[in-house]
Amino acid sequence: MPEFIVNKAGAKVYSDVSKHEELHIEDSTKYNVLSVGIVGAQRTAIATVQKNDGAVSAYRLPDQLDDWVQNSMLMSAQGLNVFPAEVEFGRDGDDVYAEIL
């Protein structure tokens, strides 16, 4: 198995998910999310994000967003692909959320 693949958006997606940085989430942060998915033996949620400078990278997401990613993938499989989209990620106490804007 190769060390990584390049997804449709041009981001490297590593088979070893520990090579992905975790997406930086503060109180409220907006990102241009191109896609989401699950990778690795641990089935880790990732998001492909395009930064303001145009650079595209895949990032690990906190475990609390696993259900959100799986629901997004289910919608896509049923023909409702919501990405690319601006997504607000944030923290509310100990909870992490993602909201498509």
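Rings of Phe, Tyr and Trp (its six-membered ring) are paired if their centres lie within 6.5 Å; planes under 30 degrees apart count as stacked, over 60 as edge-to-face and the rest as tilted. This is a predicted model, in which local features need pLDDT of at least 70 and side-chain atom pairs count only at pLDDT 80 or more, while totals for chains, interfaces and linings use all residues. Residues are numbered from 1 along each chain as its sequence is written, and side-chain values use heavy atoms, with hydrogens and water left out.

Select Y31, W68, F83 and F89: together they form one aromatic cluster. The structure holds 4 aromatic pairs.

Next, select F4 and K12. The charged end of K12 sits over the ring of F4, 4.6 Å from the ring centre (NZ of Lys or CZ of Arg within 6 Å of the centre and within 35 degrees of the ring normal).

Turn now to the salt bridges (a side-chain nitrogen of Lys or Arg within 4 Å of a carboxyl oxygen of Asp or Glu), of which the structure holds 2. Select E3 and K19, whose side chains meet in a salt bridge at 2.4 Å, N to O. E3 lies in the segment before β1 (4-6) and K19 in the loop between β2 (12-14) and β3 (28-39), 16 residues apart; strands are DSSP runs (E, at least two residues), numbered from the N terminus.

Finally, select E22 and R60, which form a salt bridge with their closest N and O atoms 3.7 Å apart. E22 is in the loop between β2 and β3 and R60 in strand β5 (residues 56-60), so the pair ties together parts 38 residues apart in sequence.

Key
Helix = DSSP H or I, 4+ residues; strand = E, 2+ residues; numbered from the N terminus.
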